[in-house]
Each structure stands twice: as C-alpha cells, then as structure tokens.
Amino acid sequence: MRTGMISSLCLGATTLFAQTALELTTAETFAVPGEGTLLYRQHLTPGLPPDTKIPLVIFLHGIGERGNDNQAQLKHAVLDLITFADANGGAVVVAPQCPENELWVNTDFKALAHSMPAEPATPMKLVLALIDSLIASLPVDPDRVYVTGLSLGGFGTWDIIQRRPKLFAAAIPVCGGGDTALASAIKNIPVWIFHGDADTEIKVSRARDMEAALKTAGGNVQYREYPGVGHDCWTPTYADPDVLKWMLGQRRIK
C-alpha cells in the first residue's frame, strides 16, 4: 500500500511538472479596429483568492517564432516564467506572437546602433494596446508590470520600455539592443541585461553600449555577459530562479 501510494504521488508530481506551455496557456486574440489583430497566449495562475492583485509578465519571442499559429512563441522561456510565477504568488503571463514578415521593432538588427523609430511597428503598437486592456480587465497590479524578451524580443523589450517608461516595473532584455540616446528616459526602470560574448547574430556591443548609457544616465542597471556563449544566452537566463525572483520583486517607481 505504501509503495503504491508513493508511486501514485510521484506520478502525479511528474505529470504536473511535465505540463507544457501549450497546455498551461489559452489561445487569445486581440484586435484594434484600423490597426490589426494580435494573437497571444495567456496564463493566469489558478486557485488564487478572490480580488488578489498579481503581476503581469509580457514575453516577446525571437524572430524564429513569428507566424500565425499562436503556438510557436511558446518555444522558449514561457514555461520557465509560468512555473516560477505559479510557485511564487502567481502572475498573468502573456506571450504575443509577431506575424510572419513583421518585426517588434523596424530596424536592422545587424547594425551596431539604431535610433528608435518615431512610430512603433504595428505588432508593437498592438502589444501596447493589449497591455492597457489586460490591466483594465484582469486582476493585474499596475505597479508590477514586467517585460522580457530574447533576440528580436530583446530589441522589442528595449523599444517598449523606451516608448512607455512609466508603465513598467522592470525589464529583462536578452541578446537585444536599444537606442542609447534614450537611456535617460528609462533610468528609473530596473533593467537586467543579458548577452553572450560569442554571439554572432547580435553583437555583444549592443548590450555593452546600453549598459554604459544607462550607467551614465544614473540608471538602475545590471549586466550579465556569458563567456563563450553564442546567441542562445536565454536558456541559462530564464532557467535561473534568481533572475526571475529579481524581476518579480521589483515595483514601479512612480
């Protein structure tokens, strides 16, 4: 009997742990008349007490996960974010999908620098509107809205906080780049930057330049550079509970 009970408990724990990001999220659609439609996946931690206010975590995927299947954007990071959030007070985790042939930021990612375009890319414009909608409709703590993303989404993370610096409590851009001239606009947002020094897709100088610009502006910035690591520095980043604990521990500076 004891052996059977232990086996059943272990099986239950294994099944729970083995749940995929696809199983843990719902497929949603957000439309703005005249602007377009954005597909996204959403996870709201279950079983929370009524009226509990929880963080909103926005994850912006990389260029290889674009499309219209509303699934590919779950390939990286999302399961780590959900698992940690559910075990640490809960959250709304949202992963929008950038359509094929579009970008979170209209810029050349191979360039050594760029200026933020005057207007956001259409998918980014929709993400910003979606965030406002989620804050209004879900039990979101408006002082705990976070954004993180990798590669294309790393650029998107810089872009979105530079456009709406008063919205976010913290940001984690992974192997991306931003507009160094706008560092002073985001100096009050805690930012933790990640990049691999052997990255051949996006130059590590993009991360180093943003760190330097934020330090010069008096910003709240941390930087981790992985020695010998190429473009995939997101796997160790999102698997590190200290990184996610840091993010969810930040509150918006008003």
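In the predicted model, helix H3 passes helix H8 in a right-handed crossing. H3 spans residues 78-87 and H8 spans residues 241-248, and their axes come within 11 Å and cross at roughly 65°. H3 is therefore roughly perpendicular to H8, since angles of 65 to 115 degrees are placed in that class. On the H3 side, the contact is made by Asp80, Leu81, Phe84 and Ala85. H8 contributes Pro241, Leu244, Lys245, Met247 and Leu248. By class, the residues of the contact of H3 with H8 comprise 7 nonpolar and 2 charged residues, with no polar ones.

Ala87 also lies in helix H3. With a relative accessibility of 61%, Ala87 counts as exposed, because the cut-off for that class is over 50%. Ala87 and Gly228 are separated by 141 residues in sequence, and their C-alpha atoms are 32 Å apart in space.

Two packed helices are described by the angle between their axes and the distance between the axes. For H4 (residues 122-137) and H5 (residues 152-163), the axes come within 11 Å and the crossing angle is roughly 60°. H4 and H5 are therefore oblique to each other, as roughly perpendicular pairs have angles of 65 to 115 degrees. The crossing of H4 and H5 is right-handed. In this pair, Met124, Val127, Leu128 and Ile131 of H4 meet Gly156, Asp159 and Ile160 of H5. The contact of H4 with H5 consists of 5 nonpolar residues, 1 polar residue and 1 charged residue.

At the level of the whole chain, the model contains 8 helices and 8 strands. The radius of gyration of the chain is 18 Å, close to the 18 Å that the globule rule gives for 254 residues, so the chain is as compact as a globular protein of that length. Along the principal axes, the C-alpha atoms fill a box of roughly 65 × 45 × 35 Å. Of the 254 residues, 49% count as buried. Among contacts between residues at least 6 apart in sequence, 71% join residues at least 24 apart.

Terms used: Residues are numbered from 1 along each chain as its sequence is written. This is a predicted model: local features need pLDDT of at least 70, side-chain atom pairs count only at pLDDT 80 or more; totals for chains, interfaces and linings use all residues. Side-chain values use heavy atoms; hydrogens and water are left out. Axes are lines fitted to C-alpha atoms, for helices over the stretch in contact, and angles run from 0 to 180 degrees between N-to-C directions. Helices (H or I, at least four residues) and strands (E, at least two) are DSSP runs, numbered from the N terminus. Angles under 35 degrees count as roughly parallel, over 145 as roughly antiparallel, 65 to 115 as roughly perpendicular and the rest as oblique. A crossing is left-handed if the near helix is turned anticlockwise from the far one by less than a right angle, and right-handed if clockwise. Contact means heavy atoms within 4.5 Å. Ala, Val, Leu, Ile, Met, Phe, Trp, Tyr, Cys and Pro count as nonpolar, Asp, Glu, Lys and Arg as charged, and the others, Gly among them, as polar. The radius of gyration is taken over C-alpha atoms; the globule rule is 2.2 Å times the number of residues to the power 0.38. Buried means under 20% relative accessible area, exposed over 50%, partly exposed in between (1.4 Å probe, protein chains only).
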